[in-house]
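Welcome! Please open the structure in your viewer and keep the selection tool handy.

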Amino acid sequence: MGVQKKNASRVSEDPDELVRVPLQAILLADSFTTKFRPITLERPKVLLPLVNVPMINYTLTWLESAGVEEVFVFCCSHSKQVVNYLEKSEWFSQPNFTVTTIESQNSVSAGDALRLIYERNVVHGDFVLISGDTLSNMSLTQALKEHKERKKKDSNAVMTMVIKRSKANPAIHQSRLGTDELFMAIDPNTKQLLYYEDKADHSKGTLHLDKSLHVDNPSLTLHHDKQDCYIDICSPEVLSLFTDNFDYQHLRRHFVKGLLVDDIMGYKIFVHEIHSDYAARIDNFRSYDTVSKDIIHRWTYPLVPDVMNFANTAMKLERQGMYRASEISQSQSAVVGPFTVIGSDTKIGNNTKITNSVIGEGCKIGSNVVIEGCYIWNNIVIEDGCKLQHAIVCDGVIIKSGAVLEPGIILSFKVVVGPEFVVPPYSKVSLLQKPIEEDSDEELEYADSTSAIGSQVDKSDVEIVSQVDNTHFSPVSELGMGGAGHVWSTCEGGHEEEWRHSVAPIPKDKILEAIKTMEDDMELIHDGSFLPTSGELKPNSNDSDDDDLEDSRDDSYYFEKEVEATFLRAVHENIQESHLILEINSLKLSYNKLTADCAGAVFYAMMKYALDSPHNSADGLLQNVQVVFTKWKKVLRSYLTDIDEQIEVILKFEEMCSEYAKEFAPLFTKILHHLYNEDVVDEDAILSWEDEKKDADEADKVFVKQAQKLIQWLKEAPEEDDDE
Amino acid sequence: MDFQVVVLGGGVSKKLLPLVSQELPNALLPVANRPVLSYVLEYLELSNLKDLIVVVEGEEAAVHVGSWISGAYADRLHVEVAAVPEDVGTAGAIRAISHHLTSKDILVVSGDLVTDVPLGAVAATHRRHDAVVTVMLCSAPISGPSESVSSGGKDKTKKPGRYDLIGLDPTRQFLVHIATGAEVDKDLRIHKSMLHAVGQIEIRADLMDAHLYAFKRSVLQEVLDQKSAFHSLKHDVLPYLVRSQLKSEVLLNGVPQEEENGTEKVISQSNQQMLSQILANASESTFPLRHALGPYGTTSVRNTHKCCVYIAGSSKYCTRLNSIQAYSDINRDVIGEASHLSGYSFSAQNNIIDPSAELGAKTTVGPHCMLGEGSQMGDKCSVKRSVIGRHCRIGANVKVVNSVVMNHVTIGDSCSIQGSVICSNVQLQERVVLKDCQVGAGFVVTAGSECKGEVLAKK
Amino acid sequence: MPDVQTLVNEFVNQLKKRKIEGSQATAKLTAELLRSVISQQRVPHTNQATALIIAVRAVGEQLIAANPVELAVGNIVRRVLHIIREEDLSLATAAMAGLGVSAASDDEDDVERDENSALSAAAVAAAARSTLRPPSLQTLLEDTSESAVAPHTSSSGGESDGRSRSVEKGSRSRKLKHDVIEAVNELIQDICTCYEQIAEQAVEHIHHNEVILTLGSSKTVLEFLYAAKEKQRSFKVFVAEGAPRYQGHILAKELAARGLQTTIITDSAVFAMISRVNMVIVGAHAVMSNGGVIAPVGLNMVALAAQRHAVPFVVLAGSHKLCPLYPHNPEVLLNELRSPSELLDFGEFSDCMDSANGTGSLHVVNPTFDYVPPKLVSLFITDTGGHNPSYMYRLIADYYSADDLVVKRRPTTVSCV
């Protein structure tokens, strides 16, 4: 009827609706990380309230307003909770916007998720790939158009990444979202992504672009001031690609980089930069903090509390960025500062100060409480005289009177903080014990662990309760009198991460430290850059040599370190030689080194190991060396194909003796002889080494002199052989 | 502008053999019947730089160059010719004459540069940013890859066919990375610290270094003193300066006192700039300044220096005579599209035929050709896109295409010369057919011989 | 009526997401939506009016909640409610006249009557509050007469055949709905044509060689100026660009395209230019019943400048922009803060806003609207002609009935700061 017609016409007026083909989206309701532990042990990340609205709502709202018509929500850990929430929400009852949930317990990564979805075979056209913790108000129209046009021209353009300009903090090389520094190479004309490097890559100090890049595009720009929004527009091929390369797990680290390196298939990734629009992913507590502030400052308009009122009670914006829900009871003497959000049914006592904070619904805040930069979720009791700074406090927490939360604290659900108790900074408190398995690689933490614990939580909240109870019974817990909860110990080195990713602002001293280190590694660079001059000292050195020298100097250091590390690992986990050799070869390739370098490095590693392994006397050391070599010489030998490498080894050895491993100096000859016996170096190597040294100055000759006897003996050796 | 100009005349480049010799060093190689050096000199004169030092490698070469200059420019320019030993490289050359250098900034230009890029612009850029070095970049020629050799063509180790890799900051005013010569065909390495400072680096492979630099004298001299190993400006000094931009020990240690003050001044003013720029627009703030700012200004202001670039418009002509290929290219261009450089007035047929030249019957000289004074041509000859020097005697129905013929060359009847270079005093007997050949000075090609892509020279 | 519900939801969604720009479009869509609501609404035999009113109220409540800033929604809802009342009333009176005494006494009429009386009571209140206004006055009279008539008729009129009554009932119910829809159609018509009606008056206001200044972009203003040009008036137009959304640029482009002499100035240049200006003509977002104007941000400054130089400040507003509320009314959320990204590029300043290290001290406020107090406005030009600010409440009173002022009684928030 007429209404329908008008309806249609109205729709077409809508700018975002111009994309006509039914546009699909895959929403990963699991970030497959542990950044949000301990909270995520009990509730999936996407349901954590962001300015009092569960994150997933922001994502869905954006998708819906951006003209996406069908969304597949992939739930993994705590899938039940997600599904239940969505069923309760109005998302299933939206006109021309269908939400379908896909559950999986055994997916451990984004890769698995996409593979599963591929098997379901529900995605047909281009789709938007987004994680449930991403917030944006961009219009997809433009990006989609570009993507489709590219697709028409070149079927290999499978993906368009959305990036945004954002300057990283110069000191800590970290964006305001707490994500680590990101380097990209982009072709300025085609906007093709040529190189993608985040912290994961080992190469420090220098950026290492394959020559093919600048050979086949005359100009390319390297970006350090861009930020990855984790919003991708993908062609269906992407899914099949994941299925083909079953080892792809991580979207960026494996998939993107995989595509960039393999030039057989020639798949291309492009970027779309947004300027005025907002897009950010909540990846850790810091970005949780930042994004919340952005919302309160209305960068995400219209996704702001007073416009999208998902919270059943409407928020109202008052002057200097204060959002209040209705039915707030606030004492006259309470001071609620600017940029604060207060949920409904919250009571605020006398003389309480609240600034830059988000207070959820149904909280009871006593009097003389100071809350600064905190995120207080729902139904929380804060008794009188508490002091909270830059903390995240989850539902149902009780903070007894006089307790103090230092900056950067996470209090998970139902934790009870005892009276007058001071929680140390950056501590994470949960009713649950910290899971035992320590996964260093937090990017790829396997969801089964979470889901395991999660399901355990899901099926038996009873258990928690019991835990709570018995913690109650114990009069003194980790959290003071009548407190309930376990303070998670932060693992070694984790602490460095703590301040990086916590909600608390970065302490100044950390920044200064960071600056120091930055300057240091710059020193290092310039040491590197001075070296070629010494290289040029050699007569008839052509520049290519100099370049080699210079380049190698830059990262030969790291190379050696890597090799050494590999070697040590091999020793401790006694991997057999063949594997070790493989690994070292891969290193060799990645640093494009010569076999000689490898030989040197391996030798260095072995000697180092010998040196480090306990020994009382020089003989002991010699013993060590012999042991090491008998065990590992095969590895070393595999790099000693010709005389140059052997000479390299000897030189290396000499260098060690003269510089950083003086212990070897007295043993030089012995060890050299040992090497000879072990056929690590053969005599011509030693001899040529010697006569190479002939015209060196005295200083260098020390060891030659030492080795003189051996050399003599070698010189005679051949005749003897002839005799026999 | 008180720039002191050093022209690196080079010596006898191996790559230009057999065209060059001790008698005819690179600098005097005729382009459209004028020594290539004259192009540079007039180019400088045009921008009113009359006080020059021409550095020539090798005594004998220096003598020749000197005599020529004193002959040609005695009245117009004040030129001082300095001879330096062979193989000292460009850096060495400067080192040798550095006691001559006095003014605040030094302009170093390669003697084999043929260009019409406004020199003033380069100087202006240099002065505006108070840069330590300013490099002129021009779009790399499409015809035959030009070799990135340091001026003077003394670095024999360069593989031809390489452009430079140039890293520019977003404003395209600063040089943040340069990979030259053999580095180019290696993987690209950028220091992250640099990227941190700039935020964004644009890597260009389609630009090439035109070997026209403006240096700050104090820094240049100091670098040369400290790094006695530096051999070439382009491969050693320039990369070094670029690399050490963010943290320039150069300016810190062993600088004469007044220079210290100089740099201090630079810093302070750069701070003001920095503030204003940050206020105006963060992206504008040029990177050394941004770095100087440090994180929230907590760091002490670092001692930074800047390496600037001037990118010549693609419309401008800019080539270096550093290979045979380049030589014939330049000759063709100078009497062809870039004719305004040649300084001659072209005839109606768009070619130059000296009035004293004699043409035989039915002889045609096409456009973009040049015929030197006192040259004679027999009947039925045809010349296309070629330069023919002075006092050449050319027989009947000779074809000369895309070639350069220098002075006093004798060409017998019905020879055909294509894409070749023929030096002075060469004698081609009858029916010689040359294609893409170079014939060394005074060589005699016997009758009827046919050569293709060969080098003919006296042993 | 599910389909109506979906329509409503959809519209609510769009309002929520701020996808509908401009009060005129909103007004039109709202009216259309309400029309379909009415047409779908199944009316009982007894007092259809209330049924309709309740239905419209219900929908209206949602709509207003969806975007409290867009006053046009509320206006239209109220207009429609008013229309229903008026139509119902006229029908009732007609029935009185046609029906005579016989049918005047059935229960339905009683209900009808006390419905009316209730209404009239409210009307009296409204009248007391504002001033006496023809329609309510008329209803007043009607009611009194009716109630006066009622008693003795009821005594006599005991028996009358139900059949005829049911017949006329049916006809009447159909008639009411039909009439209301007709009226709503007219309303929509008005909304669509308000441009022309306003533009017609252009000639009376713009004269030769005048200099007109406007700010931002308003279709009404565009048509107005264009109409004046059509009438061979030659004049100059200064367009203040209207930062941060710079719709002035769009307007200027349009004007220039239509051959008017246009000059773009920055908002900050307004005061400098105002001395050369003969008249300021601007559009409005809404006109409050005290004659105050809610208008694109920056207009207050322009108004003050105009007053300072005694330049007439003329506001063009279609009738759908007239809002029966007062700016001090708690229901009116005067302003909307939009995203700061309209002011500055996020990336550029991301390091200043980095809250991670104490430097997160940069805040951006980007209000959408200004409030121009009535004393700064010289003249309103609506589709009914030019009016003095002090007359607006009178004009508005004609469009709305008093007891619709509060469509929804929303809980007032506790605020004690």
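Rings of Phe, Tyr and Trp (its six-membered ring) count as a pair if their centres lie within 6.5 Å, and as edge-to-face if their planes are over 60 degrees apart. By that rule, 13 aromatic pairs are found over all chains. Keep in mind that this is a predicted model.

**Stop 1: aromatic rings**

Select A:Phe242 and A:Tyr248. This is an edge-to-face pair, with 5.9 Å from centre to centre and 80° between the planes. A:Phe242 is buried, at a relative accessible area of 0%, and A:Tyr248 counts as buried too, at 8% relative accessibility.

Now switch to chain B and pick B:Trp68 and B:Tyr73. These rings also form an edge-to-face pair, 5.6 Å centre to centre with 75° between the planes. Is B:Tyr73 buried or exposed? With a relative accessibility of 3%, B:Tyr73 counts as buried.

Back in chain A, select A:Phe36, A:Phe285, A:Tyr288, A:Tyr375, A:Trp377 and A:Phe413 together: they make up one aromatic cluster.

**Stop 2: arginines over rings**

Show A:Arg281 with A:Tyr230. The arginine lies over the face of A:Tyr230, 4.8 Å from the ring centre. In chain B, look at B:Arg34, which lies over the face of B:Tyr39 at 4.0 Å from the ring centre.

**Stop 3: a helix in chain B**

Colour residues 36-46 of chain B to see helix α1. Why is this helix described as largely enclosed by the rest of the structure? Nine of its 11 residues are buried, so the helix is largely enclosed. After α1(B) comes B:Asn48, which has a positive phi, near 65°.

**Stop 4: two helices in chain A**

Finally, select residues 664-677 of chain A for helix α20 and residues 683-694 of chain A for helix α21. They pack at an angle of about 140°, with axes 10 Å apart. The two helices are therefore oblique to each other. To see where they meet, show A:Phe668, A:Leu672 and A:Tyr676 in α20(A) alongside A:Glu683, A:Ile686 and A:Trp689 in α21(A).

Terms used. Residues numbered from 1 in each chain as written. Chains lettered and ligands numbered in written order. Predicted model: local features only at pLDDT ≥ 70, side-chain atom pairs only at ≥ 80, totals over all residues. Heavy atoms only, no water. Buried < 20%, exposed > 50% of the residue type's maximum accessible area, 1.4 Å probe, protein only. Helix = DSSP H or I, 4+ residues; strand = E, 2+ residues; numbered from the N terminus. Phe/Tyr/Trp six-rings, centres within 6.5 Å; stacked < 30°, edge-to-face > 60°. Lys NZ or Arg CZ within 6 Å of the ring centre and 35° of its normal. Axes fitted to C-alpha atoms, helices over the stretch in contact; angles between N-to-C directions. Parallel < 35°, antiparallel > 145°, perpendicular 65-115°, else oblique. Contact = heavy atoms within 4.5 Å.
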